[in-house]
Amino acid sequence: MLLEVGRVTKAHGLRGEVVVALVTDRTDRLAAGTTLQTPGGGQLVVASSRPFQDRHLVMFAGIADRAAAEKLAGTRLLAEPVADADALWVHDLVGARVVERGGRERGTVVAVEANPAHDLLVLDSGALVPIVFVLGLADGVCTIEPPDGLFDEG
């Protein structure tokens, strides 16, 4: 399964550089030599990248001028999931049952919403659970330890 790791937003300059907005905090996804897939089955190999404001400027092998770079605008960049036993991944969380440490069921994760303080698990009940209260994820079950009052019991 391939995951979206970023998107080309626009061309930058005249020599084929593009602006890439990452949707991951793993900037190593843009390391020189990395091969990224595109939805049409094509591949783009990162020749170089560097931070640029809140995005990255990227040169892909074979993209040598602005005209070629402009054709990449809007392209989704895909890659294999990274194996990291300590990380929680959105694609693993969505669809997981949410259960409190004591065993009480709270619903199913339907989305993960970005939030400045902490990302939020969006449950099928409409409840929002800050990711900081997640203890772990195993076998499709997300175990949480919420503070008193997080769930409206009224």
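**Entry 1**

I began with V94, which counts as partly exposed because its relative accessibility is 39%. A reminder to myself before going on: this is a predicted model. I found V94 in the loop between α2 and β7 (97-100). Next I asked which residues V94 touches, not counting those up to four places away in sequence. My list for V94 reads V109, V110 and A111. I also checked a distance: V94 and V109 are 15 residues apart along the chain, and their C-alpha atoms are separated by 5.0 Å.

**Entry 1: P130**

I then moved to P130, in strand β10 (residues 128-130). Is P130 buried or exposed? I noted a relative accessibility of 16%, and the cut-off for buried is under 20%, so P130 counts as buried. Leaving aside neighbours within four places in sequence, I have P130 in contact with H118, D119, L120 and L150.

**Entry 2: T75**

T38 came up again when I turned to T75, whose contacts beyond four places in sequence are G6, R7, V8 and T38. I placed T75 in the loop between α1 (66-70) and β6 (76-79). T75 has 15% relative accessibility, so I wrote it down as buried.

**Entry 3: salt bridges**

R7 sent me to the charged pairs. How many salt bridges does the structure hold? I have eight in my notes, and I looked at three of them one by one.

- R7 and E4 meet through their side chains at 3.3 Å, N to O. R7 counts as partly exposed at 33% relative accessibility, and E4 is partly exposed too, with a relative accessible area of 29%.
- R97 and E105 form a salt bridge at 2.8 Å, N to O. I recorded R97 as partly exposed at 38% and E105 as partly exposed at 45%.
- R106 and E100 pair up at 2.6 Å, N to O. Here I noted that both R106 and E100 are buried.

I also saw that the R7 and E4 pair belongs to a network of salt bridges that links E4, R7 and R76.

Now for the inside. In soluble globular proteins, nonpolar side chains tend to be buried together, so I went looking for such groups. The largest nonpolar core has 17 residues, and V18, V20, L36, F60 and L77 touch the most other members. I checked where this core comes from: β1 (3-12), β2 (17-22), β4 (43-52), β5 (55-60) and β6 each supply at least two of its residues.

**Entry 4: the largest pocket**

I wanted to know how much space the largest pocket holds, and my note says about 560 Å³. Which residues lie nearest the centre of this pocket? They are V23, T24, L88, W89 and V90, out of 19 residues in the lining. β1, α2 (90-93) and β8 (105-113) are the elements that give two or more residues to the lining. I sorted the lining by kind and got eleven nonpolar, two polar and six charged residues.

**Entry 5: two positive phi values**

Last, the backbone. Q53 has a phi near 55 degrees, a positive value in a residue other than glycine. I found Q53 in the loop between β4 and β5, and at 72% relative accessibility Q53 counts as exposed. The phi of D139 is also positive, near 55 degrees. D139 sits in the loop between β11 (134-138) and β12 (141-144). With 82% relative accessibility, I put D139 down as exposed.

How values were computed: Residues numbered from 1 in each chain as written. Predicted model: local features only at pLDDT ≥ 70, side-chain atom pairs only at ≥ 80, totals over all residues. Heavy atoms only, no water. Helix = DSSP H or I, 4+ residues; strand = E, 2+ residues; numbered from the N terminus. Buried < 20%, exposed > 50% of the residue type's maximum accessible area, 1.4 Å probe, protein only. Contact = heavy atoms within 4.5 Å. Salt bridge = Lys/Arg side-chain N within 4 Å of Asp/Glu carboxyl O. Core = buried A, V, L, I, M, F, W, Y, C linked by side-chain atoms within 4.5 Å. 1 Å grid on protein atoms, 1.4 Å probe; cavity = no way out; pocket = protein on both sides within 12 Å on 5 of 7 lines; lining within 4 Å. Points joined across faces, edges and corners; volume = space filled by probe spheres on them. Nonpolar A, V, L, I, M, F, W, Y, C, P; charged D, E, K, R; others polar.
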